[in-house]
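Please read the following account with the sequence and the model open side by side.

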Amino acid sequence: AVGATLTNTNTGTISATANNSFNSAYAYGVYVSNDLAGTLTNAGTISATANANTSNAYAYGVYVGNGLSGSLINSGTISATANVKTDSSAYAYGVYVSGNLSGTLTNSGTISATANATSSGASAYAYGVHVGTLSGTLSNSGTISATAISADTNAVAYGVHVGGDLSAAGSLTNSGNISATANGSYDSAYGVYVGGNLDGIL
């Protein structure tokens, strides 16, 4: 678990780029293996770019491998871009929380995810913010966007994606802009998606 503080100031830049011509490419701007129980503050730029020629590409601006019980505060820019060229898939996540968000995620800046699948048979999936479940607070007064582009197959974009329940204790509030754009032969775009029960506040 992360119980300390990670701060990226307004002049700070954290970036990761992965280029793979033969296998999958994975890029992580900030990677937390397990829980984020402390505070991650970004007022600068965090970016991840994954480019794959023959397999899948995965890009994560901020990746949390389990739950977020602390705070993630963004007033800067967090971006993820995934690009593929062959019959494979591009996955881009601005912020990815695998488990439950029981703490606070606050955005007054920009969080974006862009997935590009330029070749025939390649798919694109973009998530501005993904959380497994939500029992805490997700608050946006800035911009959260997801863009998925596919040449001729699946393109799916989620501005905010809650994989499971938004519980009675949880809340998702927006006074800014949340958008999703998908362009492909089979495309779907969701501004806010809740995959389970919505018992809290939206």
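The structure holds 17 aromatic pairs, where rings of Phe, Tyr and Trp (its six-membered ring) pair if their centres lie within 6.5 Å, and where planes under 30 degrees apart count as stacked, over 60 as edge-to-face and the rest as tilted. One of them is the stacked pair of Tyr28 and Tyr60, with 5.0 Å from centre to centre and 5° between the planes. Because Tyr28 belongs to strand S3 (residues 25-32) and Tyr60 to strand S6 (residues 57-64), this pair ties together parts that are 32 residues apart in sequence; strands (E, at least two residues) are DSSP runs, numbered from the N terminus. The model is a predicted one, in which local features need pLDDT of at least 70 and side-chain atom pairs count only at pLDDT 80 or more, while totals for chains, interfaces and linings use all residues. Residues are numbered from 1 along each chain as its sequence is written, and side-chain values use heavy atoms, with hydrogens and water left out.

Are the two partners buried or exposed, or in between? Tyr28 is partly exposed, with a relative accessible area of 27%, whereas Tyr60, at 8% relative accessibility, counts as buried; buried means under 20% relative accessible area, exposed over 50%, and partly exposed in between (1.4 Å probe, protein chains only). The rings of Tyr58 and Tyr91 have centres 5.0 Å apart and planes at 5°, so this pair is stacked. Here, too, distant parts of the chain are linked, with Tyr58 in strand S6 and Tyr91 in strand S9 (residues 89-101), 33 residues apart. Tyr58 is buried, its relative accessible area being 18%. Ring pairs also link a cluster made up of Tyr28, Tyr31, Tyr60, Tyr63, Tyr93, Tyr96, Tyr127, Tyr158, Tyr190 and Tyr193.

Which residues does Asn74 contact, leaving aside its neighbours within four places in sequence? With contact meaning heavy atoms within 4.5 Å, they are Asn42, Thr106, Asn107, Ser108, Gly109, Thr110 and Ile111. The C-alpha atoms of Asn74 and Ile111 are separated by 8.3 Å, although these residues are 37 residues apart along the chain. The side chains of Asn74 and Asn107 are joined by a polar contact of 2.7 Å, that is, a pair of N or O atoms within 3.5 Å, of which, within protein, one must be able to donate a hydrogen and the other to accept it, and for which residues adjacent in sequence count only if both atoms are side-chain atoms. A polar atom of the Asn74 side chain also lies 3.2 Å from the backbone nitrogen of Gly76.

Beyond its neighbours within four places in sequence, Ser145 is in contact with Ile111, Ser112, Ala113, Gly128 and Ser179.

Asn197, in the segment after S18, is partly exposed, with a relative accessible area of 46%. Apart from neighbours within four places in sequence, Asn197 is in contact with Gly164, Asp165 and Leu166. Its C-alpha atom is separated by 9.9 Å from that of Thr133, 64 residues away along the chain.

Finally, Val192 has its place in strand S18 (residues 186-194) and is partly exposed, with a relative accessible area of 35%.

Definitions and conventions. Helix = DSSP H or I, 4+ residues; strand = E, 2+ residues; numbered from the N terminus.
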